[in-house]
Amino acid sequence: MMKEPAGQGAGGLRPPHELEERRERGFMSLESQLLQYLFAGLTLGSIYALIALGFVTIYNVTGIVNFAQGDFAMLGALITVTLYQRTGLFNRVITVDLQLPLPLAIVVAVILTTLIGVVLYVLAIRPARGASVISLIIITIGLSIALRGLGLIIWWTDPYPLPVFTPGPPIEIAGAVLTRQNVWVIGTMLAIVIGLYLFFEHTLLGKALRACAVNRDAARLMGIKADQMALFSFALGAAVSAIAGIVITPSTFMAYDSGTLLSLKGFVAAIMGGLTNAPLAVVGGLLLGLVEAFGAGLLSSAYKDAFAFLTMFVLLLVWASGLFGRRLVEA
Amino acid sequence: MSVQAAVAPRTAQKSAQVVLEARRIHKVFGGLVAVNNLSFTVYEGEILAIIGPNGAGKTTVFNLLTGVLPLDGGEIIFRGHRLNGLPPHAIARLGMARTFQNVHLFDNMTVLENVMVGRHPRSRYGFLEAALRVPWARREEQEIREHSTACLELVGMADLADELAGNLPFGQQRLVELARALATEPACLLLDEPASGLSHQEVAALDALIRRLRDEQGITILLIEHDMHLVMGIADRVVVINYGEKIAEGTPEEVQADERVIAAYLGEDL
Amino acid sequence: MSTVNRKTGLPGRFQLADWITHHQNLAAFLALAAMLAILPLWVTNNYQRSILVFIGFNTMLTVGLSLLMGYTGQISLGHAVFFGCGAYITGLLTARYNWSPWPAIVAAAVLTGLLAYLVGVPIFKLRGHYLAMATLGLNIIFETVVVTETGWTGGSNGLLGIPRLSIGPWVLKSELSYYYVTWAMTLAILAVSLNIVNSRVGRALRAIHASELAAGTMGVEVDAFKLKVLTLSAVYASLAGSLFAFYLQIVTPSSFSFIFSIELVVMVAVGGLSSIWGAIFGAASVTLLGEALRNIMPRLVRGASAEAELLAFGLILVIIMIFMPDGLTAGVAKRLRARRQARREAPGRTEQSADAMP
């Protein structure tokens, strides 16, 4: 049986340290605690919302569910770390010491991750267009595992941090703490959501993408090249995920295996929008973040990941036997 | 074993016996009423054609009859059984078989294997018996193979038995699907646009085949068709549907002359 | 078995070649059994024998997954759950409650089968991506539970103190004995699966894969069959898990890991999604590849060990699914067949055929 280096489970985001610190410091009133969970939930949820947006974008244009979506977040973050600070790669065999300023590192990392997304599309997805659903699923899973493996080889098992974007004291609201990074996360999510909305509604390229999503053949008749659109959707999905990964890393470190859980949870959020409805996917992401934060805080932090999946099961099963019934469930 | 003996002919004569009855069946999709309180009767041994403009809801009717879609209202009585809520496999076992407009063959299997799947409701052995290769299971398997081969011979596809179903041209796939439906030993056979995509020769052969099935096997046939020559030539009675409602019923000649039918088809080729 | 000589039409000797052609599966099965029986004569190293034991476990798992994914078309990324259940239940019953091994194995199989059935009822309402994600989510939930409920499972450290397997009064201690027991069970599972696949049941499963709609209308009880095949594959996995527990005498959460589930998918993909024989090939090749990577990598890259496996398996999945979705053996066989076909279709060019081949 394959053995990953010990100490890693399903990976995922480590709990925000502000939350743990705060708890340790002692007494917090119930209202403050609940408010704290709200902030944590919105922060986590913003990330899930962004990953979900990536899923929806790609699915809408290509009909493919990209299991590797979360791994793009991992790549974006870890590449940023490598560019920004002195990092030992390949189990300390090579040391990269570029020390780029953080904003530059972020931009370069996002570009690189986007390129990786494009390359993966060209090498693995495009040749397989028209394959069966099972084949496509297995291919994107294979990509996800390969990226995870690549991450392991390059960055080993350590969780890596990034510095907070704007250092400074957190904002205290009614006894709960909203760190500046939390604000960055939520703000970034809002910015991207608005940006994507404007892009899809008001730019020609955005409308072309939507046309492909609605009716690929008609779009092709209009001169829109489906393959270019597919490629672009992958690029966009990778970019959005990368940004999500980068912006959350200062709060909860990123490791090679964080991508998998992000993919799964982003997917859960995306299915709240039937994989096609972006606003609902965003709402879904936020809701999922809240479920997880409140579940972990009030019930059991060990099972926090389980809550996400229980939510998923309930959703899927209710919808499978309910109104949206067939449409949602036949993938 | 002769074809006749293998497929167990029944006496073939048109009787006044009702084999299938749809009573005010109703189906709604979202806000759209696809089938609107539709009622019709099918008599044993007849060939009934269901016609109507595109999108009139004809295939939906078939899907309701075979249990693929649940009814939103009304009932279906087949050979004395109430079909409401029954899953498709139970309805198949009761003796209703169908073919599909866009052929749904199992393209991961050979032609013969496809037809052998059709024999499923008339056979019994399961996982345990298969795993242990119990003697009665092996006998049943032999019967399945022989009966399926006979069905293929009936439609004239026996020499392509070992071809992969997905490799066949469309007209031949149609025939294989028909053989597969026949293997279920149906009392009532639902054919969904069997002539579409066929050449003139193939349609003539189809015409002869359908007659044989009714005359020699005593199978009642329900036919959705757009090919009016076929319909007029072969159908005993015709039901005309538009917007999910029955707008006319009668012999082909009566229906052809019906004003409402002409109005519904205005702009369409008759 | 014909006793009539085909050439002369007179009663003649039993023709081996004919028998083999008409009983391909049985012949191959017997050949495999014979080969496995004498293999230990050549493979004498304990480490190598242990690899063979692991190939046996993986084969049991892969055959079941092939029935589920390949034949019935239901994607499962959580098959490791059933393996882990078998291992943990067996371990608990024997280590904590002092059950004898074989009743524990049976109990584990029954319970795991029951679990599969209960999971299947709701989960098979889903298809495609949703089903895949749901199975993956289930796997992760199980992993989390196992790691957290240390009281029952020993947490990350695992369940210790599992006794050796025994058959009656004989306690099995050597690699060789586990090799024979494991492969005996694997062969039994192979036989059962081959029989099922070449039967009305196998056709029904493949029909479900090709078109649930048509299968249902042709009288196939789609939901019931899905549940049965899931339960059967879970029982296979549980049996493998039970033997695994006795073999290692310890069970850790890694036997549940979803990475292992993915590894099983790799084995099925390599062997050919719908091929029982392919399952052996897939299990063997992927297990050997894993071992090779684990042994070679540290020599190539200082300090590295298992990491390359992940990357390798991911790449294998992608490449196989794009170029040989019917698996390695089927893909190669298809190409050979295509060549032979092309040669046959150009009889007038037989002189040039050798050079004219694309």
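The following paragraphs go through a predicted model, taking confidence, the individual chains and the contacts between them in turn.

The model as a whole scores ipTM 0.89 and pTM 0.86. For chain C, the average pLDDT is 85, and 86% of the residues score at least 70. Within chain C, the highest confidence is found in α11(C), at 96, and the lowest in helix α16 (residues 350-356), at a mean of 40. Over residues 348-358 of chain C, pLDDT stays under 50, and the model has four contacts beyond four places in sequence for them. Where pLDDT is low, the predicted coordinates should not be read in detail.

Chain A comes next. Its secondary structure consists of 13 helices and four strands. Of its 331 residues, 52% count as buried. Among the contacts in chain A with a separation of 6 or more, 76% are between residues 24 or more positions apart. Helix α9 of chain A covers residues 226-248. The distance from the first C-alpha of α9(A) to its last is 33 Å, close to the 33 Å expected for 23 residues at 1.5 Å a residue. Because 18 of the 23 residues of α9(A) are buried, this helix is largely enclosed by the rest of the structure.

In chain C, helix α5 (residues 101-123) can be examined in the same manner. At 1.5 Å a residue its 23 residues should span 33 Å, and the end C-alpha atoms are 32 Å apart, so the span agrees with expectation. The buried residues of α5(C) include Pro101(C), Ala104(C), Ile105(C), Ala108(C) and Ala109(C). Further along α5(C), Thr112(C), Gly113(C), Ala116(C), Val119(C) and Ile123(C) are buried as well. An α-helix has 3.6 residues a turn, so residues three or four places apart point the same way.

Chain B itself is assigned two domains. Domain 1 is made of residues 8-95 + 186-270, and domain 2 of residues 108-184. Taken over C-alpha atoms, the centres of these two domains of chain B are separated by 26 Å. Nine residues of domain 1 are in contact with seven residues of domain 2. On the domain 1 side, α3 and α8 (200-217) of chain B give two or more residues each. By class, the domain 1 side has six nonpolar, one polar and two charged residues.

The strands of chain B remain. One open sheet has four strands in the order β2-β1-β4-β5, with antiparallel pairing. In this sheet, β2 (32-43) and β5 (81-82) of chain B stand at the edges with a single partner strand each, so one side of each is left without a neighbour in the sheet. The partner of β2(B) is reached through eight bridges, which join it antiparallel to strand β1 (residues 18-29) of chain B. Across this pair, Leu20(B) has Val42(B) in β2(B) as its bridge partner.

Strand β9 (residues 237-242) of chain B is mostly covered, with five of its six residues buried. Strand β3 (residues 47-51) of chain B runs parallel to β9(B) and is joined to it by four bridges. Ile51(B) has Val240(B) in β9(B) as its bridge partner. The pairing of β9(B) with strand β10 (residues 245-250) of chain B is antiparallel, over five bridges. Here Val238(B) is partnered by Gly250(B) in β10(B). β9(B) and β10(B) form a hairpin with two residues between them, and Tyr243(B) in the turn has a positive phi of about 50 degrees.

Notes. Residues are numbered from 1 along each chain as its sequence is written. Chains are lettered from A and ligands numbered from 1 in the order in which they are written. This is a predicted model: local features need pLDDT of at least 70, side-chain atom pairs count only at pLDDT 80 or more; totals for chains, interfaces and linings use all residues. The expected span of a helix is 1.5 Å times one less than its number of residues. A residue is buried if 20 or more other C-beta atoms lie within 10 Å of its own, exposed if 12 or fewer, and partly exposed in between; C-beta atoms are placed from the backbone. Domain bounds come from an automatic or database domain assignment. Two residues are in contact if their C-beta atoms, placed from the backbone, lie within 7 Å. Ala, Val, Leu, Ile, Met, Phe, Trp, Tyr, Cys and Pro count as nonpolar, Asp, Glu, Lys and Arg as charged, and the others, Gly among them, as polar. pLDDT is the predictor's confidence in each residue, from 0 to 100. Two strands pair if DSSP finds at least two bridges between them.
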